[in-house]
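Reader: Please go through this model with me and say on what grounds each label is given.

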Amino acid sequence: ENFAGLLMRVTRPTFSVEFFPPRDDAGAVVLHRAIRELEPLHPDFVSVTYGANGSSRERTLGAVRDIVESTGLRVVGHLTCTAQSVTQLEEVIDTYGELGVRHILALRGDMPGGPLACWQPHPHGLRNATELVELVKSRGDFCVGVAAFPDIHPGSTPGDDVAALCAKQAAGAEFAITQLFFRPGSYRELVSRMRAAGCTLPVLAGVMPVTTIRQLDKFAELSGAPLPEHLRTRLGAVASDPERVRQVGSQICAELATELLGDGVPGLHFFTQNRSVATREILARLLASRH
Ligand code: FAD
């Protein structure tokens with residue numbers, strides 16, 4: 001069964017985790033440990049990120065192959081269209097198909113310099129994620145997911161963001177996963193803008209536990225919104241003790257997740273950074289609070 005079918009059927013929120021492909025042998029050991037420790041929690045899927053310009057193509061495909069061959073997990077392979085021709089993209093889609101991967105997260109990707117750098121299509125490539133959804137659907141029976149932005153995509157507007165989500169659904173996308181965010185209200189507003197525009201995609205909430213103080217500014221940059229002051233204060237108060245930072249970061253993430261679950265979010269997608277401790281801790285907190 002594909003994930004979109006599962007989402008329609010299950011009455012519980014789904015749980016999924018995101019990994020990035022390891023850069024070296026030491027990274028592979030870390031990833032394997034995270035997979036080994038998270039698999040017993042039965043994630044509904046695991047996803048593997050893809051280098052913005054195809055730079056990590058082989059590493060992404062290698063990590064996906066590894067997970068497919070060594071676990072029973074449902075894998076969602078990411079794919080971006082930055083700096084690649086249609087022919088190159090088709091090759092990756094077909095390789096996913098050959099590996100038995102039936103789920104692809106179709107993304108545009110960014111130019112070097114991040115989401116605010118002016119995006120240029122490859123001369124023989126695609127212009128946006130909507131066109132990538134179309135391409136993936138044209139190559140086989142794939143279930144396709146797309147990105148959504150509770151704090152608005154950097155450089156975009158709320159209206160354009162929702163128009164893009166409508167276009168991606170019309171092109172065949174069946175679910176969305178959000179960029180990380182810190183305010184439950186941002187998620188609620190995104191979903192109500194989507195529904196008002198007729199976009200019915202289920203939106204999984206992407207959540208990330210802060211595990212080090214250094215991550216704070218990077219997260220804020222990714223989400224497109226600054227970290228709320230009260231969260232900065234709570235983390236700042238324990239800054240000198242890395243273990244306390246991790247605990248407070250997990251606590252903050254669990255509070256966000258609890259509120260989202262109360263709002264009826266269809267699923268939580270954890271940006272794990274290839275670690276498992278914080279994700280396992282948060283899940284345990286969520287389960288304990290439900291009983
Ligand atoms: P698009 O949907 O293409 O949007 C980009 C711009 O194009 C927007 O301004 C939009 O309004 C416009 N647009 C879209 N469709 C249309 C249309 N039909 N007509 C006119 N305009 C349109 N990046 C990576 O490099 N690798 C990853 O693995 C990766 N994984 C991610 C996972 C998640 C869950 C998320 C939320 C993001 C991820 N990203 C990843 C980041 C993503 O590539 C960037 O955020 C990028 O800037 C936007 O990607 P997008 O798919 O939303 O682009």
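**Grounds for the labels**

Author: Glu18 stands opposite Phe271 in β8. This is a predicted model, in which local features need pLDDT of at least 70, side-chain atom pairs count only at pLDDT 80 or more, and totals for chains, interfaces and linings use all residues. Residues are numbered from 1 along each chain as its sequence is written.

Reader: What pLDDT does the protein chain average?

Author: The average is 93, and 100% of the residues score at least 70; pLDDT is the predictor's confidence in each residue, from 0 to 100. For the complex, the predictor gives an ipTM of 0.97 and a pTM of 0.96.

Reader: What makes β1 and β8 a pair?

Author: Two strands pair if DSSP finds at least two bridges between them. Strand β1 (residues 14-19) is joined to β8 by five bridges, and the two run parallel. Strands (E, at least two residues) and helices (H or I, at least four) are DSSP runs, numbered from the N terminus.

Reader: How many bridges does β8 form with strand β7?

Author: Three bridges link strand β7 (residues 203-207) to β8, in the parallel sense. That meets the requirement of at least two bridges. Gly206 stands opposite His269 in β8.

Reader: Why is β8 called largely enclosed?

Author: A residue is buried if 20 or more other C-beta atoms lie within 10 Å of its own, exposed if 12 or fewer, and partly exposed in between, with C-beta atoms placed from the backbone. Five of the five residues of β8 (residues 267-271) are buried, so the strand is largely enclosed by the rest of the structure. Gly267, His269 and Phe271 point one way and Leu268 and Phe270 the other, all of them buried. In a regular strand the side chains alternate between the two faces of the sheet.

Reader: What makes β4 largely enclosed?

Author: Five of the five residues of β4 are buried, so β4 too is largely enclosed by the rest of the structure. His103, Leu105 and Leu107 point one way, and Ile104 and Ala106 the other. β4 pairs with β3 in the parallel sense over five bridges, and His78 has Leu105 as its bridge partner in β4.

Reader: Which residues have the most contacts inside the largest nonpolar core?

Author: They are Ile104, Ala106 and Ala176, in a core of 82 residues. Helix α10 (residues 242-262) gives the largest share of this core, eight residues. A nonpolar core is a set of buried Ala, Val, Leu, Ile, Met, Phe, Trp, Tyr and Cys residues joined through C-beta atoms within 7 Å. Ile104 touches Val76, Gly77, Leu79, Ile93, Tyr96, Val136, Phe142 and Val144, not counting residues up to four places away in sequence; contact means C-beta atoms, placed from the backbone, within 7 Å. In β6, Ala176 and Thr178 point one way and Phe175 and Ile177 the other, and all are buried.

Reader: Which residues of the shell around the ligand are closest?

Author: The closest are Thr49, Ala52, Arg108, Asn128 and Ala129, among 24 residues that surround the ligand; a residue is near the molecule if its C-beta atom, placed from the backbone, lies within 6 Å of it. Elements giving two or more residues to the shell are β3 (75-80), β4 (103-107), α5 (129-139), α6 (158-170) and β6 (175-178). The largest share, three residues, comes from α6. The shell divides into 10 nonpolar, 11 polar and three charged residues. Here Ala, Val, Leu, Ile, Met, Phe, Trp, Tyr, Cys and Pro count as nonpolar, Asp, Glu, Lys and Arg as charged, and the others, Gly among them, as polar.

Reader: Why does Arg36 count as exposed?

Author: Arg36 has 12 C-beta neighbours inside 10 Å, so Arg36 counts as exposed. The place of this residue is in helix α2.

Reader: Why does Pro22 count as partly exposed?

Author: Because Pro22 has 19 C-beta neighbours inside 10 Å, the label is partly exposed. Pro22 lies in the loop between β1 and α2 (25-38) and touches Gly27, Ala28, Val30, Leu31 and Ala63, not counting residues up to four places away in sequence.

Reader: What is the phi of Ala83?

Author: Ala83 has a positive phi of about 60° although it is not a glycine. Ala83 lies in the loop between β3 and α4 (86-99) and, with 18 C-beta neighbours inside 10 Å, counts as partly exposed. Gln273, in the loop between β8 and α11 (277-290), has a positive phi of about 55° and is not a glycine either.

Note on methods:
Two residues are in contact if their C-beta atoms, placed from the backbone, lie within 7 Å.
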